Structure formats: structure tokens, C-alpha cells
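Biologist: Could you take me through one part of this model in detail, namely the sheet and what packs around it? I would also like to hear how that part sits within the whole chain.

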Amino acid sequence: ALILAGALAGSPPAGTIVGPWVERIVEEIEARGLGEYLKTIVPFWFSPGFDQTVISSSTRDSFKAAQHAAIAFCREVSGFSIRDRLSAIKVPTLIVVGEKDGRTPVEEAEYINRRITDAWLKIIKRAGHMANVEKPEEFNRAVETFLRAALRA
């Protein structure tokens, strides 16, 4: 089985993206530094109004990343696409996305869901890109339900 959370099949993803996408991110990191860049982008990982204390504690390690590693990641993701290979996935697949995800929007999850034969789609209401942090009980329940069903198949 496979579980995809906040996933994308191509860059940029389908749907409306909030904030800069990877092509501009490298320029912003180089100009302002990773820490300053993250201060502006981290809010886009969560739904509007989510608890700032939880955001800070759950993203603390992101601010410890090496700037060159963050830039390398962005360059690797830019232009990435497996859209033409999604139908080759032949295992039960759970796709989880937050309803308010502005980084990998619901439309991207729906696109992936339509192209994987045995896919399940779970949209977590009132959650952003970090649905597992914002709605951990609902996220875990979706994963547990999916795994129980996949293991029975």
C-alpha cells in the first residue's frame, strides 16, 4: 500500500498555489536567507488562523535546515513530473490533502486520485498542507481505516 499526504505529481501542481512556487523560491532564499524566507512561507503550510504556537513548534526543525540543501531540493522539484506514470501504480493508495492546502491543492490530489486505479481520496476539512499536524486525529483515522481495508484486500 501507499500513502500520499500533501503530494504532487508534477511541478507546479494542479490548482491554485498560494505563495511563490519553486522557480522563485531559490531566488528568495538566496536574497533573504532561508530563515527569513521560511518566516513568510510557513503560514501557507497551515489553514488561516491555525494556532501559531503549534505552527512554531511543528516547524522549528525547518529553520535548522542547511540553506544549500533547501536550494537543492527546490531545484530538484522544479520541473518534476510523474503525471504520465501514475497509472503504473498498482497498489492501494490513500491520498490525503487538506481542504485549505495552498501548496499542493485539492485539485492536485483529485488529479492523482483519478489516475491511480485503486486510490482513495481523503480531503480533511479546515486543514492546510500540514493536515497531519492540524487535524491529527482525523488524519490518523483516515490512515488506519485505509490500512485495515488494504490489508484485508
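Modeller: Gladly! Read from the start of the sequence, this predicted chain follows the pattern β-α-α-α-α-β-α-β-α-α, which amounts to 7 helices and 3 strands. The radius of gyration is 16 Å, close to the 15 Å that the globule rule gives for 153 residues, so the chain is as compact as a globular protein of that length. Along its principal axes, the C-alpha trace spans about 50 × 35 × 25 Å.

Now to the sheet you asked about. The 3 strands form an open sheet in the order E1-E2-E3, and their pairing is parallel. Strand E1 (2–5) and strand E3 (119–124) are at the edges; each has a single partner strand, so one side of each is left without a neighbour in the sheet. On average, and with direction ignored, neighbouring strands are turned by 15° against each other. Strand E2, residues 93–98, runs parallel to E3 and is joined to E3 by 6 bridges. If you want a place to look along that pairing, Leu 94 stands opposite Trp 120 in E3.

Two helices that pack on the sheet deserve a look as well. Helix H5 (residues 106–115) touches E1, E2 and E3, and its direction makes about 165° with that of E3. Helix H7 (residues 136–152) also packs on the sheet; H7 touches E1, E2 and E3, and its direction makes about 165° with that of E3.

In the loop between E1 and H1 lies Pro 12, and the peptide bond from Ser 11 to Pro 12 is cis, with omega near 5°. In the loop between E3 and helix H6 (131–134) lies Arg 126, whose phi is near 55°, a positive value in a residue other than glycine. For context, most residues other than glycine have a negative phi, and most peptide bonds are trans.

Finally, a word on the largest pocket, which holds about 570 Å³ of space. Its lining counts 21 residues, and Trp 45, Phe 73, Cys 74, Arg 103 and His 129 are those that lie nearest its centre. The elements giving two or more residues to this lining are helix H1 (22–32), helix H2 (34–41) and helix H4 (67–77). By class, the lining of the largest pocket has 16 nonpolar, 4 polar and 1 charged residues.

Terms used:
Residues numbered from 1 in each chain as written. Predicted model: local features only at pLDDT ≥ 70, side-chain atom pairs only at ≥ 80, totals over all residues. Heavy atoms only, no water. Pairing = 2+ DSSP bridges. Helix = DSSP H or I, 4+ residues; strand = E, 2+ residues; numbered from the N terminus. Axes fitted to C-alpha atoms, helices over the stretch in contact; angles between N-to-C directions. Contact = heavy atoms within 4.5 Å. 1 Å grid on protein atoms, 1.4 Å probe; cavity = no way out; pocket = protein on both sides within 12 Å on 5 of 7 lines; lining within 4 Å. Points joined across faces, edges and corners; volume = space filled by probe spheres on them. Nonpolar A, V, L, I, M, F, W, Y, C, P; charged D, E, K, R; others polar. Rg over C-alpha atoms; globule rule 2.2 N^0.38 Å.
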